[in-house]
There are 2 protein chains.
Amino acid sequence: MRIAQVAPLYERVPPALYGGTERVVSYLTEELVRTGHDVTLFASGDSITAARLWSPCVRALRLDSTCRDSLAPHMRMLGFVYHQASEFDIIHCHTDYLGLPLARFVRTPTLLTLHGRLDIPELAPLYAENREVPLVSISNAQRAPLPDAHWVATAYHGLPSDLYHYVPHSEDYLLFLGRISPEKRPDTAIRVARRAGVHLRIAAKVDPVDRDYFEREIRPLLDDPLIEFIGEVGDHAKHTLLGNARALLFPIDWPEPFGLVLIEALACGTPVIARSLGSVPEVVQQGETGWLCETEDEMVAAVHRLGELDRARCRAAFDTRFTAAIMTARYVRLYQRLLAGSAQESTSSQSDATLTAPCEP
Amino acid sequence: MRIAQVAPLYERVPPALYGGTERVVSYLTEELVRTGHDVTLFASGDSITAARLWSPCVRALRLDSTCRDSLAPHMRMLGFVYHQASEFDIIHCHTDYLGLPLARFVRTPTLLTLHGRLDIPELAPLYAENREVPLVSISNAQRAPLPDAHWVATAYHGLPSDLYHYVPHSEDYLLFLGRISPEKRPDTAIRVARRAGVHLRIAAKVDPVDRDYFEREIRPLLDDPLIEFIGEVGDHAKHTLLGNARALLFPIDWPEPFGLVLIEALACGTPVIARSLGSVPEVVQQGETGWLCETEDEMVAAVHRLGELDRARCRAAFDTRFTAAIMTARYVRLYQRLLAGSAQESTSSQSDATLTAPCEP
């Protein structure tokens with residue numbers, strides 16, 4: 001199949017540091033190439049891929065201090081994609097709504113995966129009025145703010161199977177991983193660990209925008225022998241920390257659309273203790289791969305019940321639900337449905353089990 | 001002619017306060033309606049027009065504190081415009097490059113007027129690659145950073161003839177009008193007035209982003225009997241201040257693409273002392289409607305030569321070059337050329353006198 005993958009330009013594909021969307025586009029693109037598809041990746045010029053690469057910019061925009069208008073390269077890229085649409089059997093966009101008005105003018109079908117949070121009031125009318133483009137959510141929960149959009153499927157993110165190694169025996173610490181910010185609730189993680197009497201490692205970057213929050217709310221909580229603040233870590237340290245943790249603490253306070261770190265933990269065999277918001281109950285299976293909690297008390301109790309969870313089952317859940325191969329196979333089926341015209345018929349019926357209970361074998 | 005006018009959504013059309021682009025779109029739209037055209041204005045929902053109004057938002061976005069994504073309504077509007085393109089003979093866009101990739105997919109020709117500064121590195125390749133959309137500059141100088149774009153004409157801004165009244169006799173003060181910011185050089189205006197020994201009135205708003213600059217660089221200069229800082233003024237006070245001034249001081253330090261205040265002054269009969277940057281030498285005629293200066297010394301000398309300028313000639317220059325009727329007639333000719341297909345042939349040749357010496361009788 002001749003496939004255009006259209007990525008945001010903020011981070012390279014895959015990202016040098018953070019960047020969930022570009023990371024997933026990379027996993028999908030490389031797996032598509034590996035399985036024999038003819039893929040053109042539209043992404044920043046420093047992207048690394050086995051696909052054909054076309055880029056409107058030399059470097060990823062977020063790290064390019066010379067960039068003065070990040071929208072213009074995106075519009076240039078989308079113009080280029082759609083003006084040569086006939087070169088592709090399918091155009092798979094990951095650039096939010098930027099290409100939406102263009103899609104109806106070409107014969108090549110577009111599939112649009114929405115990667116971000118959607119509870120922004122300006123989005124609902126935009127997607128309601130552009131229903132000719134089939135949309136993919138990265139969790140069923142993500143769809144909630146846009147019930148009238150043209151959803152055709154949920155496709156969970158997937159990681160290459162060999163990216164994280166299964167670790168059968170953990171050390172005795174909990175892990176908070178990612179970013180220090182109010183909606184990630186590192187303060188909750190710290191209180192849960194202290195109340196449970198378990199060591200907590202915090203491996204998280206502090207963005208400039210969150211520096212005040214960190215100094216005011218979090219630093220005073222770090223003066224405790226149970227709490228170890230490591231700061232931002234590279235990929236290698238991240239793998240080791242994730243693999244050896246007894247559990248990942250994920251006490252979020254916002255409707256996370258997916259939460260890539262959850263499946264990174266599962267790939268290591270590490271279970272998750274999470275607040276049950278957004279995509280979390282779709283990714284974490286209660287009593288199987290983690291504990292879904294509503295309150296801090298429940299999270300403390302969950303720490304004491306970690307022994308009931310089997311690390312091998314966590315990895316098995318990853319292998320059967322969240323690999324890049326599974327994600328890619330799902331997208332290929334969606335491409336095929338679109339090419340056969342069937343996606344146009346199966347609109348956004350959320351009662352269609354094949355659409356809303358995806359990724360299960 | 002069935003004409004779509006597509007305005008930015010940041011300010012209403014016309015703006016309640018500042019907003020050059022939306023102001024000009026309003027003048028053009030109302031004059032098109034007055035002269036019998038069938039105009040649909042795409043603009044914020046609080047716009048005031050005799051045309052048919054379609055809007056993706058109830059209020060102008062800059063003043064709407066509930067707006068969380070200002071791009072989405074623009075994309076929604078442009079999708080709507082182009083999906084019903086066949087309803088129009090011409091689509092006249094004022095929304096920078098946002099509609100650029102869409103224009104080639106419809107039969108209805110698009111004319112795109114660029115209102116902003118263009119010396120942003122990401123713009124050149126975008127406009128070079130989308131040459132099927134004819135572009136209008138608001139001054140010839142504005143084109144400099146984009147020599148490879150598909151320029152077909154310059155159309156100077158115009159004001160309704162009766163908006164400003166001719167004032168034959170001035171009072172004895174100079175005026176600095178608009179916004180306090182480093183590139184407007186209010187400090188130069190103050191030094192020029194002090195050195196020339198002439199009273200200066202400063203009627204200018206201070207945006208939050210320029211507050212530090214004002215306090216640090218400008219406020220210390222205000223403690224002088226010749227200098228009077230008035231602050232932001234409404235339309236009525238602005239008209240009075242402009243009409244009674246001996247001259248407008250316009251000592252800018254950036255390539256102003258047009259400078260609406262210049263023709264507002266001329267409409268009152270008030271000449272201009274300006275630094276000769278950007279569009280200024282196209283708008284102000286040396287020794288006729290003002291003095292074009294390179295240095296502060298030249299500006300001081302120019303104050304002493306204001307007596308050589310005739311206020312009636314300033315108003316006459318406005319009447320023959322910068323009315324809304326003239327601007328509108330020019331655009332109508334451009335629409336007609338586009339409809340006849342001729343604009344496609346006359347590409348961006350800057351040596352074509354009919355393109356680069358516009359608005360002259």
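**View 1. The buried residues of helix α11 in chain B.** In this predicted model, α11(B) runs over residues 311-321, and its buried residues are Arg311(B), Cys314(B), Arg315(B), Ala317(B), Phe318(B) and Arg321(B). Buried means under 20% relative accessible area, exposed over 50%, and partly exposed in between (1.4 Å probe, protein chains only); helices (H or I, at least four residues) and strands (E, at least two) are DSSP runs numbered from the N terminus. They sit on the same side of α11(B) because they cover an arc of only 155° around the axis, going by the directions from the helix axis to the C-beta atoms. Their packing partners in chain B are α7, α8, α9 and α12, with contact meaning heavy atoms within 4.5 Å.

View 2. A salt bridge puts a side-chain nitrogen of Lys or Arg within 4 Å of a carboxyl oxygen of Asp or Glu. Arg315(B) is buried at 13%, while Asp319(B) is partly exposed at 34%.

**View 3. A salt bridge between distant parts of chain B.** Arg179(B) and Asp210(B) pair up at 3.9 Å, N to O. Arg179(B) belongs to strand β8, Asp210(B) to the loop between β9 and α6, 31 residues apart. Asp210(B) is buried at 8% relative accessible area; Arg179(B), at 23%, is partly exposed.

**Notes.** Residues are numbered from 1 along each chain as its sequence is written, and chains are lettered from A in the order written. Local features need pLDDT of at least 70 and side-chain atom pairs 80 or more, with hydrogens and water left out of side-chain values.
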